[in-house]
Amino acid sequence: MKKNIHYFSKSDFISKENILEKIGIRGRRAMELASLNLPILPGFVIDADISSHLDKYEIVEDIKPFFSNISSLTGKQYNSPDNPMLIKVVISPNLVIATYPTLHNFGLSDKTIPGFAKYVGENFCYHEVQFLIKGFLNVEARIFELDGNDEKYKEYKKAVESISKELENNDNAQQRKKRIEKYKPLLPNNFFSDAYTQLKISLNEISKLLKLDDQNQEDTALLIQPMVYGNYGKDSASGDFYSRNIITGEKKLYGHYFQNKFNEIGATGKDINTISKTYLKELEDIAHRIEDHFKEIRSIRFTIENKRLWIIDQRAVMTKSAQADIKTLLDLFKRKKIEKKYAVKNVKPQQLNEILHPIINIDSVEKLPVINGGIAGAPGAAIGRVFFSTESLINEFRSAQKKGGDTNLILCMPATFAEDVKAIEVAKGVLSTEGGYAAHASVVARQYGKVSLVKTDLKISGKKANIGDTVIREGDYITLNVPYYDEPSIYIGKAELIEPDPKDSGLLDYLELVKSFVKDFNVRANADNPRDAALSRSFGASGIGLCRTEHMFFHADRINVFREMILSDSKEDRLKALDKLRPMQQTDFYKIFKIMEGYETTIRLLDAPLHEFLPHNEDEMGAFIAYLKKQKGGKNLSEKVIRARCDAIKEFNPMLGHRGCRIAVSYPEIYEMQVKAIFEAVYMLKKEGIHVHPEIMIPLIMNENELKLIVYGKKIEGKSIKGLVDIEKEIREEAKSEPVEYKIGTMIELPVAALGAGDIAKYAQFFSFGTNDLTQTTIGLSRDDFNSFMPDYTQFDLLEENPFKLLDKHVKELVSIAVKKGRMTRPDLVTGLCGEHGAVPENIRFCMDTGLNYVSCSSYSIPISLLAIAQYNIEKAE
């Protein structure tokens with residue numbers, strides 16, 4: 001019998017596997033803590049071999065020697081009338097999913113109650129008697145339930161529920177005594193006669209429960225420990241704390257203690273760091289040892305009883321921040337408690353979103369009205385006044401800047417387009433009603449590190465919006481909260497934000513560990529301006545995989561020049577406008593190339609349909625007409641004429657219309673201007689001794705003839721198109737320079753291009769898979785419209801996942817085909833995937849397995865992609 005009872009204390013523990021298998025999860029946890037030489041409460045475990053059969057043994061006689069051991073450490077004795085030791089019985093199943101009642105305070109008998117009350121007061125004493133009765137009756141109720149005695153089960157279950165409510169009452173001792181008398185008829189006659197008798201009765205009933213319960217597969221043990229109380233004498237306290245700050249990761253205890261209190265209920269806690277220095281030093285040592293052992297932040301509960309400190313429990317922490325996680329791992333690595341590999345493996349890639357974007361201070365939103373739900377477009381949190389158009393937001397932003405007002409603004413529109421990028425850039429967040437994760441608003445928001453939420457039930461009308469009964473008017477404050485792992489929400493009013501700091505958060509140091517596992521496959525950035533290029537480098541980008549030149553034309557000092565070019569009625573007028581734009585483009589490219597020194601920089605030539613650049617409202621039209629009038633020799637065009645020209649350019653299906661390389665075929669001078677600007681910047685930097693690696697990407701290629709035409713040019717009767725290679729040569733000769741190595745490639749974003757990749761690779765040195773458009777054109781879904789019916793498709797399992805987040809299997813097939821065919825023609829073909837698909841770990845694994853060389857994503861997604869690559873490399877190596 002005694003071989004089945006296993007004692008533990010600060011200096012005694014079991015390590016044999018065959019015994020650990022028999023003592024349940026709580027028993028193993030106790031032994032683990034005992035092995036760390038921590039001041040845990042001593043106790044013993046009745047193992048699973050006999051726990052369901054205690055009626056066969058004289059169990060009390062067998063455990064009495066263990067009580068003697070416990071008494072020598074606690075200073076209290078079981079069944080003592082003067083200073084009684086009470087115990088708890090913890091049912092210890094082998095699996096954590098089992099559910100059993102909480103059983104405390106065994107040992108409270110007619111003999112011991114006065115002695116216990118002497119230390120804790122009569123009221124608390126009888127409160128604990130009530131708790132004891134509740135636990136025992138709960139066991140009885142479960143037995144009756146499993147025995148099929150429905151009448152008795154209901155009677156005892158009702159009693160348990162009644163006691164639960166009574167425990168919450170602010171009763172005095174006499175009231176508690178009366179309530180206790182009411183439940184005594186449900187207890188065995190001699191339940192309170194003697195502490196050992198009470199324990200024998202209780203252990204036999206608990207054993208009976210285990211025998212009847214299907215949850216127990218003869219693998220459930222019983223853990224017995226003494227109870228200690230933070231209100232037991234003058235120098236007593238209870239408390240709970242984290243081994244370090246769970247928000248910032250600062251290596252400082254974070255929690256509270258309660259002087260002369262059993263627990264925190266009805267008590268005002270004090271900062272744990274203000275506790276007596278003697279205890280603080282001991283608690284710090286305990287925290288560090290526990291953290292080093294478990295290799296993570298832990299929550300620790302303790303009690304000080306009559307100057308003795310005991311650890312009651314410790315557990316994992318679910319509410320810690322990503323920053324706290326990372327700082328803990330960096331600290332453990334620095335002190336050689338973990339290997340670099342462990343640090344990299346133990347952060348989920350998408351957790352990094354939390355560090356890269358602001359988060360809500362939860363305390364600040366307790367009293368704010370909240371509307372839950374929506375589709376997360378770009379994670380983070382944003383506060384600002386709402387404006388319902390790009391023009392109104394930009395105007396308010398400028399006005400606030402001049403007056404020193406609040407420039408925190410939220411753009412709220414049904415959907416956004418290229419002309420709205422300038423508003424997204426200055427706004428803190430975007431609230432839209434159409435699309436989803438891959439909608440324009442979401443993609444651009446991620447690029448600029450803004451917050452995006454798609455709320456399909458939001459109804460916008462003029463300068464107000466409705467969500468159910470809630471009305472949001474222009475100028476009202478709202479707070480967008482878009483966490484990565486939880487449901488998005490909108491708070492009506494101003495919350496407080498915790499701003500990210502990549503350096504102080506430990507992210508940059510952590511990325512240095514991550515990058516040591518990133519080999520043979522890397523991450524580039526989608527960056528269209530110097531700010532994003534610099535940010536992406538700080539996050540570890542190995543170049544730029546997508547620089548969208550159309551975004552450069554939406555700046556206030558350029559847009560009307562570009563509109564002038566689009567609406568020109570002759571090539572001569574177009575060239576004049578392009579001559580104005582060229583130095584602007586050259587400056588952009590110069591700055592981006594310089595920041596990306598030594599790394600490939602892929603410039604995608606103009607892709608967007610031309611109509612996206614035209615005036616879309618009265619304000620823009622008025623500003624454009626005023627611009628034209630100011631130009632030297634400018635034409636005094638009426639609004640009617642301009643509108644007619646705008647209407648003539650509009651298309652029914654612009655996504656598959658006059659865009660990308662098709663513009664270059666009709667208006668070759670546009671691409672010629674861009675290529676000149678690129679190589680002027682390249683050769684300027686070469687003279688400065690800066691090494692650049694330009695890559696020119698031609699968008700929307702459908703066959704090799706298009707690409708050959710644009711790369712090498714062609715002359716026909718009455719018309720000629722100058723090839724990119726000839727333009728580069730002209731600029732190089734003007735600069736009187738040795739050539740700079742560059743590449744020309746294409747974006748594979750049409751199924752026909754993927755299938756014809758072998759032919760296209762004759763003229764392309766690299767492929768970049770534009771999977772947003774490739775998904776749209778492969779499965780025939782519009783990324784901006786499919787969310788209107790996606791819930792129906794999800795309900796009937798017609799689509800496994802959002803195809804604009806996780807690559808569709810047929811899109812993957814096309815990518816695989818294109819890579820294989822392309823490399824059959826050109827074995828050294830470089831291939832990459834650009835777009836937000838490249839920031840999803842599952843997609844990254846596919847890219848790596850398929851033989852791509854890189855993914856390219858927004859600057860704020862780069863750390864996520866790097867971590868996903870590193871973890872996959874570690875997994876493969878193992």
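Reader: Which residues of α19 are buried, and what do they pack against?

Author: Happy to take a close look with you. In this predicted model, the buried residues of α19 are Asp573, Arg574, Ala577, Leu578, Leu581, Gln585, Asp588, Phe589, Tyr590, Ile592 and Phe593. Now see what the buried residues of α19 pack against: the helices α17 (530-538), α18 (559-566) and α23 (668-687), together with the strands β27 (544-548), β28 (600-604) and β29 (693-698).

Next, the length of the helix. Helix α19 covers residues 571-595, which makes 25 residues, and at 1.5 Å a residue it should span 36 Å.

Helix α5 (residues 122-147) and helix α6 (residues 150-167) pack at an angle of about 155 degrees, and their axes are 8 Å apart. Angles over 145 degrees count as roughly antiparallel, and α5 and α6 are therefore roughly antiparallel to each other. Their crossing is left-handed. If you want to find where they meet, look on the α5 side for residues including His127, Phe131, Lys134, Leu137, Ala141 and Phe144. On the α6 side, the residues that meet α5 include Tyr153, Tyr156, Val160, Ile163 and Leu167.

Helix α24 (residues 704-712) and helix α25 (residues 724-735) pack at an angle of about 15 degrees, with axes 4 Å apart. Angles under 35 degrees count as roughly parallel, so α24 and α25 are roughly parallel to each other. Here Ile710, Val711 and Tyr712 in α24 meet Leu724, Val725 and Asp726 in α25.

Ser768 lies in strand β33 (residues 766-770). Its relative accessibility is 0%, so Ser768 counts as buried. Leaving aside neighbours within four places in sequence, Ser768 is in contact with Gly545, Met697, Thr746, Met747, Ile748, Gly832, Cys834 and Tyr854.

Another serine, Ser861, sits in the loop between β35 (854-858) and α32 (862-877). Ser861 has 8% relative accessibility and therefore counts as buried. Not counting residues up to four places away in sequence, Ser861 touches Glu836 and Ala839. Ser861 and Asn526 are 335 residues apart along the chain, yet their C-alpha atoms are separated by 9.7 Å.

Thr407 is in a loop too, between α13 (390-403) and β17 (409-413). With a relative accessible area of 25%, Thr407 is partly exposed. Beyond its neighbours within four places in sequence, Thr407 is in contact with Phe397, Ala400, Gln401 and Val426. Thr407 and Asn245 are 162 residues apart in sequence, and from C-alpha to C-alpha they are 32 Å apart in space.

Asn79, in the loop between β3 (77-78) and β4 (84-85), has a phi near 75 degrees, a positive value in a residue other than glycine. Asn79 counts as buried because its relative accessibility is 11%. Lys295, in the loop between α9 (277-294) and β11 (298-305), also has a positive phi, near 60 degrees. Lys295 is partly exposed, with a relative accessible area of 28%.

Finally, step back to the whole chain. Its secondary structure comes to 32 helices and 35 strands. The C-alpha atoms fill a box of roughly 115 × 55 × 55 Å along the principal axes. Of the 878 residues, 56% count as buried. Among contacts with a separation of 6 or more, 71% join residues 24 or more positions apart.

How values were computed:
Residues are numbered from 1 along each chain as its sequence is written. This is a predicted model: local features need pLDDT of at least 70, side-chain atom pairs count only at pLDDT 80 or more; totals for chains, interfaces and linings use all residues. Side-chain values use heavy atoms; hydrogens and water are left out. Helices (H or I, at least four residues) and strands (E, at least two) are DSSP runs, numbered from the N terminus. The expected span of a helix is 1.5 Å times one less than its number of residues. Buried means under 20% relative accessible area, exposed over 50%, partly exposed in between (1.4 Å probe, protein chains only). Contact means heavy atoms within 4.5 Å. Axes are lines fitted to C-alpha atoms, for helices over the stretch in contact, and angles run from 0 to 180 degrees between N-to-C directions. Angles under 35 degrees count as roughly parallel, over 145 as roughly antiparallel, 65 to 115 as roughly perpendicular and the rest as oblique. A crossing is left-handed if the near helix is turned anticlockwise from the far one by less than a right angle, and right-handed if clockwise.
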